[in-house]
Structure formats: structure tokens, C-alpha cells
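Student: Can we go through this one together? I'd like to start with the strands and then jump around a bit.

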Amino acid sequence: QVQLVESGGALVQAGGSLRLSCAASGSFFSINAMAWYRQAPGKQRELVAATTNSGRTNYADGVKGRFTISRDNAKNTVYLQMNSLKPEDTAVYYCNVNVWRLTGNYDYWGQGTQVTVSS
């Protein structure tokens, strides 16, 4: 199995910054893509940012220029640096990783971490 442990969510004022972390552990050969999603109350879960194992990144339009996704392959960890936070960034943030295991590649989700931005 694969376990994902997220941290870094908090209550912050608009304009502030937060850094989310997600560490993967367990039984797998390698990690392919790593991503952050978010889900606000009453809304569908949406992709925030993603990165491949070759370092390519992509971002949702609403976070470009404010959020940065990065990964530390030695630590099997993905980060999301969030700057200039806005109230509309309030959501539960989930990390998602795609890994290679003996029987194929699989997606796993973290438990979610709450980010609340006050105006």
C-alpha cells in the first residue's frame, strides 16, 4: 500500500502565504506525477497544480503566478507554495500521486488539509 501524509493547512489572512507538504511512503517502485487538488464547499474537486517526474508543471489559471508546485524525489514529497492568497482559495487541499507498483500504476489520495483564507 501507499500512504500520503499532508500538512501545512491553516487559517491565514488574505495576501498571506502557506506551504503545503505531502509525503508518500509505502510499497512502490517510483512516483510518476504528483499533484494538488482542492475542493471548496458545494463545488467539485479541481486540479490546482501538477508536476511530472521530469519536472514539467502545469497550473490552474486562477493560481498561475501565485502558487508553485515542487517535488523532492529523494524524500518522495511534493510541496505547494501558495502566495498572495485570496478568500476564494479557501478549500480542502488534497495531494494525489501516481506510482508504479509491481502490478501496474495507481493513483492515491491524501486525507486533505484545510486552507482557510480570511478577508
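Student: How many bridges join E7 to E8?
Tutor: Six, and the two strands run antiparallel. E8 covers residues 77-82. This is a predicted model, by the way. As a landmark in that pairing, Ser70 stands opposite Tyr79 in E8.

Student: And what's the strand order in the open sheet?
Tutor: The order is E1-E3-E8-E7, four strands with antiparallel pairing. Strand E1 (2-7) and strand E7 (67-72) are the edges, each pairing on one side only.

Student: By how many degrees are neighbouring strands turned against each other?
Tutor: On average 15 degrees, with direction ignored.

Student: Back to Tyr79. Which charged end sits over the ring of Tyr79?
Tutor: That of Arg19, 4.0 Å from the ring centre. There's also Arg45, which lies over the face of Trp109 at 4.7 Å from the ring centre.

Student: Is Asn76 buried or partly exposed?
Tutor: Partly exposed: the relative accessibility of Asn76 is 25%, and buried would need a value under 20%.

Student: Which loop is Ser84 found in?
Tutor: The loop between E8 and E9. Ser84 also has a positive phi of about 50 degrees and is not a glycine. Its relative accessibility is 41%, so Ser84 counts as partly exposed.

Student: Switching to hairpins. How many residues lie between E4 and E5?
Tutor: Six, and Gly42 in that turn has a positive phi of about 80 degrees. E4 and E5 pair in the antiparallel sense over five bridges, and Met34 stands opposite Thr51 in E5.

Student: What does E5 form with E6?
Tutor: A hairpin with five residues between them, where Gly55 in the turn has a positive phi of about 95 degrees. The pairing of E5 with E6 (residues 57-59) is antiparallel and has three bridges. In that stretch Ala49 stands opposite Tyr59 in E6.

Student: Now the cysteines. Which residue does the disulfide join to Cys22?
Tutor: Cys95, with an S to S distance of 1.9 Å. The count comes to one disulfide.

Student: Is Cys22 buried or exposed?
Tutor: Buried, with a relative accessible area of 1%. Cys95 is buried as well, at 0% relative accessibility.

Student: Last topic. How many residues has the largest nonpolar core?
Tutor: It has 29 residues. Those with the most contacts inside it include Leu4, Trp36, Phe67 and Tyr93.

Student: Which elements give two or more residues to this core?
Tutor: Among them are E1, E3, E7 and E8, the strands of that open sheet. Strand E4 (30-39), strand E5 (46-51) and strand E11 (113-118) are on the list too.

Student: And which gives the most?
Tutor: E9, with five residues.

Notes
Residues are numbered from 1 along each chain as its sequence is written. This is a predicted model: local features need pLDDT of at least 70, side-chain atom pairs count only at pLDDT 80 or more; totals for chains, interfaces and linings use all residues. Side-chain values use heavy atoms; hydrogens and water are left out. A disulfide is a pair of cysteine sulfur atoms within 2.5 Å. Buried means under 20% relative accessible area, exposed over 50%, partly exposed in between (1.4 Å probe, protein chains only). Two strands pair if DSSP finds at least two bridges between them. Axes are lines fitted to C-alpha atoms, for helices over the stretch in contact, and angles run from 0 to 180 degrees between N-to-C directions. A charge sits over a ring if NZ of Lys or CZ of Arg is within 6 Å of the ring centre and within 35 degrees of the ring normal. A nonpolar core is a set of buried Ala, Val, Leu, Ile, Met, Phe, Trp, Tyr and Cys residues joined through side-chain atoms within 4.5 Å.
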